[in-house]
Amino acid sequence: MTLRSSVRTRTKLPDVGTTIFTVIGQLSSQHNAINLSQGAPNFACDARLVAGVTRAMEEGHNQYAPMTGLRALKERIGDKIADLYGTRYDVDSEILITASASEGLYSAISGLVHPGDEVIYFEPSFDSYAPIVRLQGATPVAIKLTVPDFTVNWDEVRAAITPRTRMIIINTPHNPSGKVFSADDLQQLAALTRNTDIVILSDEVYEHVVFDGEPHHGMATHPQLAERSVIISSFGKTFHVTGWRVGYCVAPAELMDEICKVHQFLMFSADTPMQYAFAEHMNDPQTWLALSAFYQRKRDLLQTLLAESPFRLLPSQGSFFLLADYSHFSDESDSEMVKRLIVDHGVATIPLSAFYADGTDNKLIRLSFAKDEATLRAGAAALCQVKPR
Ligand SMILES: Cc1ncc(COP(=O)(O)O)c(C=O)c1O
C-alpha cells in the first residue's frame, strides 16, 4: 500500500522515469546474474583507509568539517595536482571537498549555469549531466561522439556554439567508452573557447585510470584551459570506496566562489572522518600512482578471456569500462541483447543506448572490469557461451 497524496505536482524532469539501469538491476537480481554492469568495485579498499576512518571517529572527528573541506586534505590534493599536471591551485580559495563527484557536478552546474543558457555535452554520456542542466532552466545540447572510435568532431562543436553557450562538459577518461582525450583535443578545445565566457566542466573521476603508459590529458595540464575549467574528481573511484561519497572540485577562485555558494546550502560540508582518512592516505603517492597498472591488469584479463567469445571488443584507453560489439552476429537491439545475457547466460552488462537521450542503438554493450578476478572469469565464461542469433 502506498500513501496517496492529493497535492498536484508538476515535474521538472518529465523525461526521467524508471531508467534502464533500474530495469537491468531488477532483472539481474531475479536471475542472480554475475555483475559486469556497475562501475562500483566489488573488492575491498585498502585496510589503512578503514583504520583511518575508524581512528578519526574514535578521536572524536564526528562533527561538521569546514565548509570547503579539511585543510590537510586540500593541501595533499593541491600538491598532487601541481606535481602531476603543473597547475597550482590555492588551498583556501580554489579547492573544494564535495560529498561525491556527483555533488561537485551539481554544485558547479547550478552555481555557474543560468536559465536560458546552453550547455554542450557529449553522448554517450554519464546520466546526470543533462538533468542537472535542465533543473537550472537551461538547455542541454548533445553532440554525439563518432562511432566506433568515440572521438569528438570539433567542427560539430564549433557549429553548436552560440552566444548562449555557457558551458561545455568534458569527461575524460570517458564513461562508458573508455576513450581518453589527446593533447590535440585540448588544443582544439582551447582554440574554440579562447576569448569567450564558456566554462569547461571537466569530469575527470577516472584521472588515475589511464592505460598503456599514456598520460592523463586533464584540463590542469593546459594553463589556458585551466583558467576556465572546473575539474571534478572522486575519492570513491580512486580508492575503491564509492559508498563513502567524497570527491573534490578545483577551479579558479572566481568560479569557485559561485560553486561554494551552492555547496554551502546543499551539503555545507562532506563527511568528516573520511576526510581525515583520505588526508593521511594521500601521504603515499603510490595510492593513486599504482591505480592505472592495477586496472590495466583487469582490462587485459577480461580482454584475454573474451578472445574466445563471439563479441568484438573496442579498445579501452582508460576508465573502468570497455565496449563489446555484437553487430556482426545479431540484429537484436542492445537492450534485447542485455536482457538475453541476463536471462539465458546469467551475466549483467549495460546497453550503450542507455547513455543517449534519444536511445541511439549502435549494438554495443558496456562491460565493467572493476571486479575481482573470480567475477571477471565467471562473467567472461558466460559471455563465451553466447551463440550468434
Ligand atoms: C563519469 C562519471 N562521473 C561521475 C561519477 C560519480 O562519481 P561519484 O560516485 O563520486 O559521485 C561517475 C560514477 O560512476 C562517473 O562514471
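Between domain 1 and domain 2 the count is 2 salt bridges, a salt bridge being a side-chain nitrogen of Lys or Arg within 4 Å of a carboxyl oxygen of Asp or Glu. The side chains of D212 and R299 form a salt bridge, with N to O at 2.9 Å.

Colleagues, a word on the model itself. This is a predicted model, in which local features need pLDDT of at least 70, side-chain atom pairs count only at pLDDT 80 or more, and totals for chains, interfaces and linings use all residues. Residues are numbered from 1 along each chain as its sequence is written, and side-chain values use heavy atoms, with hydrogens and water left out.

Now the domains. The assignment, which is automatic or from a database, gives domain 1 as 20–41 + 292–384 and domain 2 as 47–287. Their C-alpha centres lie 26 Å apart.

I turn to the interface. In contact, meaning heavy atoms within 4.5 Å, are 28 residues of domain 1 and 26 residues of domain 2. The buried area, that is, the accessible area (1.4 Å probe) that two parts lose on being put together, summed over both, is about 2,300 Å², and carbon and sulfur atoms give 59% of it. Of the area that domain 1 buries against domain 2, Q317, F355 and Y356 supply 26%, more than any other three residues.

What is the count of residue pairs in polar contact between domain 1 and domain 2? There are 14, both residues at pLDDT 80 or more; a polar contact is a pair of N or O atoms within 3.5 Å, where within protein one must be able to donate a hydrogen and the other to accept it, and residues adjacent in sequence count only if both atoms are side-chain atoms.
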